[in-house]
Amino acid sequence: MKVLVVGSGGREHALGWKLAQSPQVTAVYIAPGNGGTALQKGLYNVDITNLHALADFAERNQITFTVVGAEAPLAGGIVNLFRSRSLEIFGPTREATQLESSKDFAKTLMKCYGIPTAEYKTFSDANLAHAYVQEKGAPIVIKADGLAAGKGVVVAQTLNEAHCAIKMMLTEHKLGAAGTRVIIEEYLQGEEVSFIVMVDGKHVLALASSQDHKRLLEGDKGPNTGGMGAYSQAPIITPQLHARIMREIILPTVRAMEQEGLRYTGFLYAGLMIDSQGNPKTLEFNCRMGDPETQPIMMRLKGDFAYVLEHALSGTLNTVQLEWDQRTAVGVVLAAHQYPYAPRKGDRIHYIPEQTETVVTFHAGTTLVDGKLVTSGGRVLCVVGLANSVREAQSIAYEAIHSIHFNGMQYRRDIGCRALNCNH
């Protein structure tokens, strides 16, 4: 089998790393990949981002199937294109990707089908948006309607912050087309979790639960980012809560999409808020796996991932059972200088430790220049430790981080802390 993974982040490195372990897989191509995938045994970078050129590549190289990691190609219609050329691909169509590419679409669908979510209103007029915020008060959440690479959500603790967010999106157009409409949402309190499943159009297979840390600074302070680290398993997701999320959120969403004539295939990520009574509400949907959640999830997944994807593509996910390492994986993101505002590129990266059974460094914003690894994006690396407890997994990850160095490197020292609080 030859497999193609589309994307360039830590998520794609982790997917490729896991697929390369399959005894059936002879080569994993990553398009366009990064510095880490270039160096990883069994992975081969392909410097193509144009969707038609990717389809040509898949045809020419007799790729068995393609897995889409990143959201932009999905929104661009890569699945529609590949299917039109009879190429096997795992992901949702452009139309189904609206669940992620339009927050307004997702909120309307949830409202219509009674899927639990926060109260909201959509605005494209800045004056009306300002008036609504003034009426509702803070804290309140302002979201760009379109894809904004994890930067489109402002959790405003004050009215001033809310007005600034509206101005930034609707008046100053700082997020471009993504911010021409905003969703203003009630602020939900509780604990945020990531619930990721695979969908074959009809059947749903849940992956291990995980939690990520969105804020830049320790203690969940500072601006929202794409994610500063994640761990799996999330102790807050008990078997009872897992069953309830499947029953009240995931399955109704898949059925709602089918009723709308948008049969869903691919990964489906529900960002959920669990309140103090243990009730789940949907914050957002993503039409792909999370980054950095994929890294600890793939570290814990046992068995042949290519085999699972074959079943997902043939509509037989109901015949598959996933096996998980009972240990905990904690992944810590190392970010570039001045991330998330204006991350600096081109800093030389030194001393990445060797991969072992209990620690792997996945690359995201890295590239090779004259054979040397340098930073090329905001989130540079994700170091994942695997151990019997959260505390042990933390210490494995942080010990590995102590050897890594690049100028301006920043990271949180408390990834996994929520799980420790859950265990008290």
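Predicted model: local features only at pLDDT ≥ 70, side-chain atom pairs only at ≥ 80, totals over all residues.
User: Hi! Let's start with the sheets. What is the strand order in the open sheet that contains S6?

Analyst: Hello! That open sheet has four strands in the order S6-S9-S7-S8, and the pairing is antiparallel. Its edge strands are S6 (120-123) and S8, each of which pairs on one side only. From one strand to the next, the twist averages 20°.

User: How many bridges join S7 to S9, and how many pair S7 with S8?

Analyst: S7 and S9 (residues 182-186) run antiparallel and are joined by five bridges. S7 (residues 140-144) and S8 pair over four bridges, also in the antiparallel sense.

User: And which residues are the bridge partners of Ile-140?

Analyst: In S8 the partner of Ile-140 is Ala-156, and in S9 the partner is Glu-186.

User: Back to S8, then. Which of its side chains are buried?

Analyst: Val-154 and Ala-156 are buried and point to one face.

User: Nice. Which helices touch S6, S7 and S9?

Analyst: Helix H7 (residues 103-113) lies across S6, S7 and S9, running at about 145° to S6. H8 packs on the sheet as well, touching those strands, and its direction makes about 160° with that of S6.

User: Staying with H8, how do H8 and H9 cross?

Analyst: The axes of H8 (residues 126-136) and H9 (residues 159-171) come within 10 Å and cross at roughly 165°. The cut-off for roughly antiparallel is an angle over 145 degrees, so that is how H8 and H9 are described. The crossing of H8 past H9 is right-handed.

User: Which residues make that contact?

Analyst: On the H8 side they are Ala-126, Ala-129, His-130, Val-133 and Gln-134. H9 brings Leu-159, Ala-162, His-163, Ile-166, Lys-167, Leu-170 and Thr-171.

User: Let's switch to the sheet with S10. What is its order?

Analyst: This open sheet has four strands in the order S11-S10-S16-S17, paired antiparallel. S11 and S17 (280-286) are the edge strands, each pairing on one side only. The twist here averages 35° from one strand to the next.

User: How many bridges join S10 to S16?

Analyst: Ten bridges join S10 to S16 (residues 265-274), and the two run antiparallel. Phe-195, for instance, has Ala-270 as its bridge partner in S16. Helix H12 (residues 305-314) packs on this sheet, touching S10, S11 and S16, and its direction makes about 65° with that of S10.

User: Is Thr-282 buried or exposed, and what does it touch?

Analyst: Thr-282 lies in S17. Its relative accessibility is 0%, so Thr-282 counts as buried. Leaving out residues up to four places away in sequence, Thr-282 touches Met-110, Ile-115, Pro-116, Thr-117, Ala-118, Ile-249, Gly-271 and Leu-272.

User: What about Gly-201: where does it lie?

Analyst: Gly-201 is in the loop between S10 (191-200) and S11 (204-206). Gly-201 counts as buried because its relative accessibility is 2%. Not counting residues up to four places away in sequence, it touches Val-254, Glu-258, Arg-263, Tyr-264 and Thr-265.

User: Now the largest nonpolar core. Which residues touch the most other members?

Analyst: Of the 53 residues in that core, they are Leu-54, Ile-78, Leu-99, Phe-195, Val-197 and Ile-250. Helix H10 (residues 239-259) gives the most to this core, with eight residues. Apart from it lies another core of 42 residues, including Phe-65 and Met-299.

Conventions. Residues numbered from 1 in each chain as written. Heavy atoms only, no water. Buried < 20%, exposed > 50% of the residue type's maximum accessible area, 1.4 Å probe, protein only. Contact = heavy atoms within 4.5 Å. Pairing = 2+ DSSP bridges. Core = buried A, V, L, I, M, F, W, Y, C linked by side-chain atoms within 4.5 Å. Axes fitted to C-alpha atoms, helices over the stretch in contact; angles between N-to-C directions. Parallel < 35°, antiparallel > 145°, perpendicular 65-115°, else oblique. Left-handed = near helix turned anticlockwise from the far one by under 90°.
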